Amino acid sequence: MGKVWKYGDGVNTDLIFAGKHTYTLREPEEIAARALEDLDPNFAAAARPGDVIVAGRNWGNGSSREQAVTCLKYKGITAVVAKSFGRIYFRNGINQGLLLITCPEAVDAAQSGDEIEIDLPNSVLRLNGRAFPFPPLSSTALGILEAGGLIPHIRKKLGITSTEAVTVGGGE
Amino acid sequence: MGYTFAEKALARAAGLPTAVAGQVVDARPDIALSHDNTAAIAKIFRAIGVERVAIPEKMAITLDHAAPAPTPRHALNHAEIREFVKEQGIKYLFEVGRGICHQVFSEEAIILPGQLILGSDSHTPHFGWMGAFGAGVGRSEMAAIWATGELWLRVPESIRVIVTGKLGRGVTSKDLCLAIIGRFGADGGLYKSVELSGPAIEAMSLESRMVIPNMMAEFGVKNACLPPDEKVFEYLAKRTSNSKSQTPKTKTEIESNAIHPDADARYENEYTVDADSVELTVACPHTVDNARPLREVKGTPIHQAFIGTCTNGRLEDIAAAAEIVQGKRVANGCRLLVIPASSEVMMDALRLGHLQTLMEAGAVIGTPGCGPCMGNHMGVLAPGEVCLSTANRNFRGRMGQTDAEIYLASPAVVAASAVAGMIADPREVGG
Ligand code: SF4
């Protein structure tokens, strides 16, 4: 059970994590402290682990920067529920282990401060006593989320115990 | 309710009976494309902790982005790739000078209609020209594909664009694409599968069609596709028969694997574009959707004219340029670079006399490959210079210099402008 943080349409990656911080901040706590800085100055201080972001269309459009995902993950955000996601953001989200759910009906019904619960195994989210089904994630996507991201997931799948960190820039 | 091209193609690639937009599937690509970035991906692959790639027979690599190597660092990169290919027994490696990945894989017919190709290159939607599903992925994702043979993909929603009528005199598929991107914006097709069809596209040569899904990467799409027809099946049948690495396939075999959307498939949007109303179009600095009619930018002085790239470096592009510069000279203070998209294009252009015509007019011919498209070598710009290019992307700094300006247009416009020393209308320069 978490609290809803509700935002509108077209929130881009710069509003989620500003470009000016991309090369200067490296530590998870520093990165989390800047989450949504230019969208909602209260968020980083007030959000609690388990909270959920609910947003309109095209959440995360723009840059391929992965901190726009990891800043929320480090903050302990459980999921982002949106009407739609920027294409690269969606891939970065799953590959970095952040649950992203497309469910326009729930977005329309949600208000900031509502209690929300996400039942992943049954692909349904509960909000104000109502249930909203969402398209199920594939077993692979679920596996990636459970493992904490794409690279750890592949290691697990292939039975590899290496823990060497893998860092990559975006694709072209 | 019927299914779109994307729903059918990704269901097939995932081994599922059906799939719908929004669903996430585990897709197994028929071909995994990489290029000069292969060595960087190999480092990620090794860091995962895997010894052998899972799909050596599906991996295809070209050395094209900085080829031949302009610096020792680039040479080392190529050497590492060759070593990796040998060590892992990877099936396809196309060496320096063979050409650009998207053009070479099309010529070699290593991908066919209805198949899935994933590439660590943002213009992988290119293969939609033949009705294949092509999409770009990140480097760690490509390493994941090598390790496991599969990648999760979200089935995209689809947009249909119907191009009615007929393109006017001198107006090309490049102008059509720039006009579409200019009208709907660089995110007009964001994350979508864009299906383009209609009489104006049917009437086009295959080479002109190849421009379209390639350019749609600049529309934000996940993939774009055209309906494959007789011309496509015939081209590919001939190619598989001539290829050393492929098993020959008949036209009927290739056609039987093609995917067509159902008549009652669900589209998020449907647009109609009237080909007759498309003007000669130029994308101005520094975004592709900053597209304007040629007549508004005519007379802009240029320092360099570049004909080439995976977008417009094919035989008909070079032929169009040769026809325009025949018996004329490139203007003083301007240089014309022509870089064929592949060795095959180059040999055909040589045989037909186009290269001689171009050189007589003062053009410089480069080794088949990407050339200066992304600022690596063979024609990068100086500060303050202006380049008119046939490429697909004009972002600030793309050709190696932040304070340079890049305009994009069709090969005929670029050739006419080289002769004029400024952006010009090929219909006025005369053929
Ligand atoms: S020609 Fe340009 S756009 Fe095409 S693959 Fe090469 S660098 Fe990319």
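Mentor: The model is a predicted one. In chain B, 100% of the residues reach a pLDDT of 70 or more, and the mean pLDDT of the chain is 96.

Trainee: What ipTM and pTM does the model score?

Mentor: These two scores belong to the predicted model. They are ipTM 0.85 and pTM 0.89.

Trainee: In what order do the seven strands of the open sheet in chain A lie?

Mentor: The pairing in this sheet of chain A is mixed. Strand 4 (99–102) and strand 7 (130–133) of chain A each pair on one side only, which places them at the edges. Neighbouring strands of the sheet are turned by 30 degrees against each other on average, direction ignored. Read across the sheet, the order is 4-3-2-1-5-6-7.

Trainee: Which residue of strand 5 of chain A is the bridge partner of Gly2(A)?

Mentor: Strand 1 (residues 2–6) and strand 5 (residues 115–119) of chain A are joined by two bridges, and their sense is antiparallel. Within strand 5 of chain A, the partner of Gly2(A) is Ile116(A).

Trainee: Which residue takes a positive phi in the hairpin of strand 5 and strand 6 of chain A?

Mentor: Strand 5 and strand 6 (residues 124–127) of chain A run antiparallel and share four bridges. One of the pairs sets Ile118(A) against Leu125(A) of strand 6. Four residues lie between the strands of this hairpin, and the residue with a positive phi, near 50 degrees, is Ser123(A).

Trainee: How many residues lie between strand 6 and strand 7 of chain A in their hairpin?

Mentor: Strand 6 and strand 7 of chain A are also antiparallel, with four bridges between them. Val124(A) has Pro133(A) of strand 7 as its bridge partner. In the turn, Asn128(A) has a positive phi of about 50 degrees, and the number of residues between the strands is two.

Trainee: Why does the salt bridge of Lys83(A) and Asp108(A) tie together parts that are apart in sequence?

Mentor: The closest N and O atoms of Lys83(A) and Asp108(A) are 2.8 Å apart. Lys83(A) lies in the loop between strand 3 (79–82) and helix 5 (87–95) of chain A, whereas Asp108(A) belongs to helix 6 (residues 104–109) of chain A, so the pair links parts whose separation in sequence is 25 residues.

Trainee: How many salt bridges does a search of the whole structure find?

Mentor: Side chains of opposite charge can pair when their charged atoms come close. Over all chains, the search finds 27.

Trainee: Which three residues supply 19% of the area that domain 1 of chain B buries against domain 2 of chain B?

Mentor: The domain assignment gives domain 1 (9–15 + 23–274) and domain 2 (281–429) of chain B, with C-alpha centres 24 Å apart. The contact takes 37 residues from domain 1 and 36 residues from domain 2 of chain B. About 3000 Å² is buried between these domains of chain B, 54% of it on carbon and sulfur atoms. The three residues, which supply more than any other three, are Ile100(B), Lys174(B) and Leu178(B).

Trainee: How many salt bridges does the rule find across the interface of chain B and chain A?

Mentor: This contact takes 31 residues from chain B and 30 residues from chain A. The buried area is about 2600 Å², and carbon and sulfur atoms give 61% of it. Glu141(B) and Arg91(A) meet in a salt bridge at 2.5 Å, N to O. Across the interface of chain B and chain A, the number of salt bridges is two.

Conventions
Residues are numbered from 1 along each chain as its sequence is written. Chains are lettered from A and ligands numbered from 1 in the order in which they are written. This is a predicted model: local features need pLDDT of at least 70, side-chain atom pairs count only at pLDDT 80 or more; totals for chains, interfaces and linings use all residues. Side-chain values use heavy atoms; hydrogens and water are left out. pLDDT is the predictor's confidence in each residue, from 0 to 100. Two strands pair if DSSP finds at least two bridges between them. Axes are lines fitted to C-alpha atoms, for helices over the stretch in contact, and angles run from 0 to 180 degrees between N-to-C directions. Domain bounds come from an automatic or database domain assignment. Contact means heavy atoms within 4.5 Å. Buried area is the accessible area (1.4 Å probe) that two parts lose on being put together, summed over both. A salt bridge is a side-chain nitrogen of Lys or Arg within 4 Å of a carboxyl oxygen of Asp or Glu.
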